[in-house]
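Here is a short briefing on a structure. Look at the sequence and the 3D view, then read on.

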Amino acid sequence: MAVETGCLPERAAVHWRRTVDDERLRRRGRWWTLTTICHSLPFLAAAALLVAVKPVLAPVSVVLLIHAWGIPELYAARGAGVLRPTRRRSAPPSERRALLLLGDLVDDANRRLHASTGLVVEHGTLGEWVLGEAGALLVRPGGRRVMSYCVKATGEDLPAGDRIAHLLLALRCGERDFATVANLAFSGATWRMRRRMRGEQRPALDVARAAAARSSGRGAAAEPAQD
Amino acid sequence: MPRLIRLDQTGHTTLAEWSAADTEAFEAAVLAFRRELDRGYFGIASRADGTAEQVRSLPSDAPTVILRRPIAGG
């Protein structure tokens, strides 16, 4: 199923933000990669310098290397965190009713995917979306870069299925506005994100990544991700 | 039969159902729709092909109109 570009009323609440489009996403991805390199590079340089000047300080260099490795991992963990299910759970009848409606909104493959992962995949013009209760991932064409967004329905009393339905409906109404309203939590390599996701959620990212790779083959420009 | 549904803490609530011939039921649905808009809900006309559209008045021909709450960046 495909999402449409339209106008979300929530866009007015973040009127100062420029509407997200393909080029803007590409630039933000590059900027994110550059920022991550700038955070990690000093640790790498210091580690190399220490070993070069005083080989006896090799253990300190190892600690610095661990820091350099850990920084992008921490970013990826934050990105994966947007898909973590909320602790609050509604009464079972409410959860069932919410799932019935969500099931009406998606196709059979997505129903099965949600049953096993708790996530829903939706095709968009900016890439493939993976929707959770309080956040979304956007796998860019080519499948190598993923962007992670914090976004959720207002109100704490909604069942989990309803939370996803809210995001799905908003996304279908206006994909670019949806990406503008949502807060970017991470942009980077899909493999790094996958490693930080819960095991049961990874198949949803795999489905989105495969679809993004196929869409890239159909003509959309693939976006690289080295970080 | 077209339905007006609200996403809420119960999972969802069907607020109204109408048919093309039943103008009375449709008018009752319009009133319910406006009441929910005033409470801060947004109306979405959802179609079977997986597309959706934000609506500010109740379309009589949409199979399902869903009322949702606003979303926000976390």
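A polar contact is a pair of N or O atoms within 3.5 Å; within protein, one must be able to donate a hydrogen and the other to accept it, and residues adjacent in sequence count only if both atoms are side-chain atoms. Across the interface of chain A and chain B, the rule finds twelve residue pairs in polar contact (both at pLDDT 80 or more).

This is a predicted model, in which local features need pLDDT of at least 70, side-chain atom pairs count only at pLDDT 80 or more, and totals for chains, interfaces and linings use all residues. Residues are numbered from 1 along each chain as its sequence is written, chains are lettered from A and ligands numbered from 1 in the order in which they are written, and side-chain values use heavy atoms, with hydrogens and water left out.

**The interface**

- Chain A brings 36 residues to the contact and chain B brings 26 residues (contact means heavy atoms within 4.5 Å).
- Chains A and B bury about 2600 Å² between them, 58% of it on carbon and sulfur atoms. Buried area is the accessible area (1.4 Å probe) that two parts lose on being put together, summed over both.
- The rule finds two salt bridges across the interface of chain A and chain B. A salt bridge is a side-chain nitrogen of Lys or Arg within 4 Å of a carboxyl oxygen of Asp or Glu.
- B:R69 forms a salt bridge with A:D157, with the closest N and O atoms 2.7 Å apart.

**Chain A overall**

- Chain A has eight helices and five strands. Helices (H or I, at least four residues) and strands (E, at least two) are DSSP runs, numbered from the N terminus.
- Of the 227 residues in chain A, 50% are buried. Buried means under 20% relative accessible area, exposed over 50%, partly exposed in between (1.4 Å probe, protein chains only).

**Helix α4 of chain A**

- Helix α4 covers residues 108-117 of chain A, and A:N110, A:L113, A:H114 and A:T117 are buried there. They lie on the same side of α4(A) because they cover an arc of only 100° around the axis. The arc is that of the directions from the helix axis to the C-beta atoms.
- On the other side of α4(A), A:R112 and A:A115 are exposed.
- A:H114 counts as buried because its relative accessibility is 17%.
- Not counting residues up to four places away in sequence, A:H114 touches A:L99, A:L102, A:L119, A:V120 and A:I164.
- After α4(A) comes A:G118, with a positive phi near 80°.
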